[in-house]
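Q: I have a sequence and a 3D structure, and I would like to learn how to read them. Can we go through the features one at a time?

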Amino acid sequence: MLPDWPCVFRTSLSYNGAAGSALKGMRSVGTRSRDEALRNESNEPAIGFVNKVLSQSFVDGPGNRAVVFLQGCNFNCLYCHNPYMINLCNHCSQCVSHCPEGALIFKDGLVAWNPEACIECDACIQACPHNSSPQVRRTNPHDLWLEIEPFAPFLSGVTVSGGEAMQQAQFVRDFFTEVKAQSNLNTLIQTNGDVPREDLEELLPVTDWFMVDLKAFDPAAHRELTGSENERVMDTIRFLARHKKLFQVRQVVVPGFNDSEAEAKQTAGFLMTIDPAIDLLFLRFRSHGTRGIAEAWETPGNEVMASMVAAAEEAGLDQVHRSI
Ligand code: SF4
Ligand code: SF4
């Protein structure tokens, strides 16, 4: 038997074998089927895979917010800033020997993490060849709320991010239902927008806002940056704006991919066709946290960022911002 540590992956749904890429494994398990499979037969709330919880953030929506980072993503962005959140663990056990504190064990084909022994050195994350982490917890919506509740008097709301939060849409719906039942906090989902329409519809009643990361307007640039198409992202932006749930569209400005005035004009032109009041934020790419080729990419300068804002404003958008 494994020790009674709380962070043992016990589902076989997390990965389809070490032979293929971990991302391929994730994609082969659809969001809906995964969430449904995580429900038990008595139809209890979905179980979520939580990477970490921040009790305070001022950059993930309006005001001071708790942020829940969910494990797993359907994109494979070249510049991902949380690459260890892309895949679920496949229990290959390669990280176990890298832990200096004995906080990881491998038994009966499963890796277990002991948070009480962990010193958060992240050696396991660095050692993982599958863009995953052994520190992910399975939890239910009520227990997750209990983690946030002590901070609630100091918060404006709760944001769910990732990874791609909408990969666990049923869990997010059940969690936000709990947040709404227990508090007056508002709720926000940060998403890449490549989301099934029916999942969005299910989330609308319990979600106050969405922030959509439009990685690139140009389809080829989007494909190259993420490995995926952007048509459904556009549809998501239209849908959320129509339902008055779109808090902001964000775009990380990446040198050589989407840092041209033409890209900014096209992005703004697209948003103008929906609503000139849509809030657009250009974020400066930074290499911190990235892996692979993105580690060598440069941060766009003030001139580039200012030209992006100017081009979007010229296209007619009322609310265009950039990060410092
Ligand atoms: S973060 Fe460090 S101490 Fe914690 S489990 Fe990973 S390797 Fe071990
Ligand atoms: S977290 Fe550890 S056990 Fe899981 S896939 Fe990565 S190296 Fe393998």
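Predicted model: local features only at pLDDT ≥ 70, side-chain atom pairs only at ≥ 80, totals over all residues.

Q: Where in the chain is S57 found?
A: S57 is found in strand β1, which covers residues 48–57.

Q: Which side chain makes a polar contact with the side chain of S57?
A: Look for pairs of N or O atoms. Here the partner is the side chain of D60, at 2.5 Å.

Q: Which residues is F175 in contact with, leaving aside its neighbours within four places in sequence?
A: F175 is in contact with V68, P141, L144, W145, I148, V158 and V160. Pick out W145. F175 and W145 are 30 residues apart along the chain, yet their C-alpha atoms are separated by 7.3 Å.

Q: What share of contacts in the protein chain join residues at least 24 apart?
A: Count contacts between residues at least 6 apart in sequence; of these, 71% join residues at least 24 apart.

Q: How many helices and strands does the protein chain have?
A: The protein chain has 10 helices and 11 strands. It has 324 residues, and buried residues make up 54% of them.

Q: What should I look for in the backbone angles?
A: Look for exceptions. Most residues other than glycine have a negative phi, and most peptide bonds are trans. Now check the cases here. H91 is not a glycine, but its phi is positive, about 60 degrees. E120, also a residue other than glycine, has a positive phi near 60 degrees.

Q: Where do H91 and E120 lie?
A: Both sit in loops. H91 is in the loop between β2 (65–70) and β3 (104–107). E120 is in the loop between β4 (110–113) and α3 (123–127).

Q: Is H91 buried or exposed, and is E120 buried or exposed?
A: H91 counts as buried because its relative accessibility is 10%. E120 has a relative accessible area of 66%, so E120 is exposed.

Q: Where does ligand 1 sit, and which residues come nearest?
A: For a ligand, find its site, then its surroundings. Ligand 1 sits in the largest cavity. There are 13 residues around ligand 1, and C99, C118, C121, D122 and C124 come nearest. By class, this shell divides into 10 nonpolar, one polar and two charged residues.

Q: Where does ligand 2 sit, and how does the shell around ligand 2 divide by class?
A: Ligand 2 sits in the second largest cavity. The shell around ligand 2 has seven nonpolar, six polar and no charged residues. Of the 13 residues around ligand 2, C89, N90, C92, C95 and C128 come nearest.

Note on methods: Residues numbered from 1 in each chain as written. Chains lettered and ligands numbered in written order. Heavy atoms only, no water. Helix = DSSP H or I, 4+ residues; strand = E, 2+ residues; numbered from the N terminus. Polar contact = N/O pair within 3.5 Å; in protein donor to acceptor, adjacent residues only side chain to side chain. Near = heavy atom within 4 Å. 1 Å grid on protein atoms, 1.4 Å probe; cavity = no way out; pocket = protein on both sides within 12 Å on 5 of 7 lines; lining within 4 Å. Sits in = over half its atoms within 2 Å of the grid points. Nonpolar A, V, L, I, M, F, W, Y, C, P; charged D, E, K, R; others polar. Buried < 20%, exposed > 50% of the residue type's maximum accessible area, 1.4 Å probe, protein only. Contact = heavy atoms within 4.5 Å.
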